[in-house]
Amino acid sequence: MTLKFEQALIRNGNFVLGPIDLQFRAAAVTVVIGPNGGGKSTLLRAVAGLLPAHAGHARLQWGQSQSARADELSTTSARTLAGEMEIAKITPSQRARLLSFVPQRPESVAGFSVRTSVELGRVAMRADAPRVQLALERTGIAALADELVGHLSEGQRHRVAFARALAQRTAQTQLLIVDEPTSALDPSWTRALAAELRHNASEGLAVIVATHDFAFAGAIADDVVALAQGKIAAAGRAMEILTPHILQPIFNVPFRMVEHLAANPLCLPMWNGAINAS
Amino acid sequence: MTARREQLGWICLSFLLMASIACRFLVGRDAIGQWTFAWPTSDSIEWRAGALISAFLAGAALSLSGIFLQTLLRNPLASPFVLGLSAGSQACVAAAYWIAAIGGPWMLMGGAIFPATIGALLALAVTLYFGRGKGGGIDPISLVLSGVIVGTVAAALASLIEWLLPLEMRPALAGWALGRVPEVPEISVAVITAIAVFTATFMGIRNGSTLDAMGLSEDESSSIGIHVARVRLYLVLGSSVLAAVATALCGPLAFIGLIGPHMARSCVGPRHRVSVLAAAISGSTLLIAADAVRHFAPASTGRLPIGVICALAGGPFFLILLRRGAAKAWMR
């Protein structure tokens, strides 16, 4: 499976993203970076099929070898899905099987416990209590399962939304889309989330994550897409894009390569500690 | 909400329903207008049963309409009264009376249920049109605001039409507009209301988890497989028809559609699989109880309109919800 954007123009209110050409690889983590208002959330919503391409195409394509899997996807419209399909035209129940989406600011249903909220991920499918339990454990909220979501902290509620996305996974799931997951997480859960995203990629999913956290991006990215002012400023393998000479002009702050325990050095934003107030 | 707590909630709700039915059945007025508390005479037994049926059906319909609107808007303050549906029905029924007065008595066939439905749908359509968010989706906050305005304008229209009516027709319409629980409900209205209530309860229970998922943001609910636009359309149609039949039967009643769903959720929890049925029962209980209570008012000037009781009891409840930040808690 590949997800391909061809000259896609995406409108989100007054904001226009594109035209963009992009391809997301399966079994890889693609990190989307860029300044505020650059189009990260718009791109992620388009990837999730929640915003249609106004012009051009945003298509899911199935290769020959995987057509059998496409047939399993749905009894009624397997034929249309076997070749390629505009992702925004997929019906909601097929979408639920194909992809999981965690928005930047997840919402919770009033009065719902953590477990009931996570179970909502299976609303269009067969209930699956073991999978729900697994999702709760992987996100570290199993102990909170009977708490009301409204009583939790923002970071914990983020984990509830992520657990719902994990609970939603089926054998057919191809995409995991997560919008700025780390902004409310402490370092230990940021690390756990990074491991979880890598794990999902290793199981063959195309994982797509928007973030401002460059240490996090450097740790998980296979591919990087940098968006600025609704256009692709840079796209390619992480090693090529996460470098000072590419990131500096996009974000307008100095970046520096930092040696670190893992194999690859990280490219992090760094500026002089003294900030001139004038 | 544990299973035990839910069980307790059901027991509580059934007890309250039974108590309110018993109370309404035993409370009455004697020949000089003093209230009595005794087994009804053979004359009045039919009237009290009729009033019970009216209140049971209209209360359930209003409360179901309320829970659907609250789900649609993800807003605990929504109800058919707040969004102008009741007033819309009222205005169209008043218009039907006016047309009937100038020579079209067919307008009032079936207890004006048809114009009431048109009115509720029109009011909700206008409310939705002006309450739409930028992206074309429904923005809960502007929707409630525009609902309040639509309701006010529609109520004023109803008064204007009432003022245009020939004098001899005004009392019937004015009495209805204050809210009443008919002791001899029109059979057609009662049957249609019963069908609407039964269908709505059945569909609500059957699609409980879909309605649960409507509590998430639009992006989330459509990514977990909910056909958001379709579910919204069903909720709009369902809540309009329910509000309309209740209004045709009992007049525009405030706040039953607001308190009913809250009472249901506090008893059996927020999952629609259980709270839809509980909301119907709560609404019935509330309206039957209100109908019983009004008999205790001094009778020198005739019976107290039921709408007064509903507004007096429901208004403060709305304010308490507002004070407790219910709307904010819901949006988190």
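Tutor: A nonpolar core is a set of buried Ala, Val, Leu, Ile, Met, Phe, Trp, Tyr and Cys residues joined through C-beta atoms within 7 Å, where buried requires 20 or more other C-beta atoms within 10 Å of a residue's own, all C-beta atoms being placed from the backbone. This model is predicted, with local features needing pLDDT of at least 70 and side-chain atom pairs 80 or more, while totals for chains, interfaces and linings use all residues. Residues are numbered from 1 along each chain as its sequence is written, and chains are lettered from A and ligands numbered from 1 in the order written.

Student: Which residues touch the most other members of the largest nonpolar core?

Tutor: Of its 177 residues, they are Val32(A), Leu175(A), Ile177(A), Ile208(A), Ala61(B), Leu64(B) and Val245(B).

Student: What does Leu175(A) touch?

Tutor: Two residues are in contact if their backbone-placed C-beta atoms lie within 7 Å. Leaving aside residues up to four places away in sequence, Leu175(A) touches Leu3(A), Val47(A), Leu98(A), Leu99(A), Leu205(A), Ala206(A) and Ile208(A).

Student: How many residues of chain B are in contact with chain A?

Tutor: There are 24, and they meet 25 residues of chain A. Elements giving two or more residues to that side of chain B are α8 (208-213), α9 (218-223) and α14 (326-331) of chain B.

Notes: Helix = DSSP H or I, 4+ residues; strand = E, 2+ residues; numbered from the N terminus. Buried ≥ 20, exposed ≤ 12 C-beta atoms within 10 Å, placed from the backbone.
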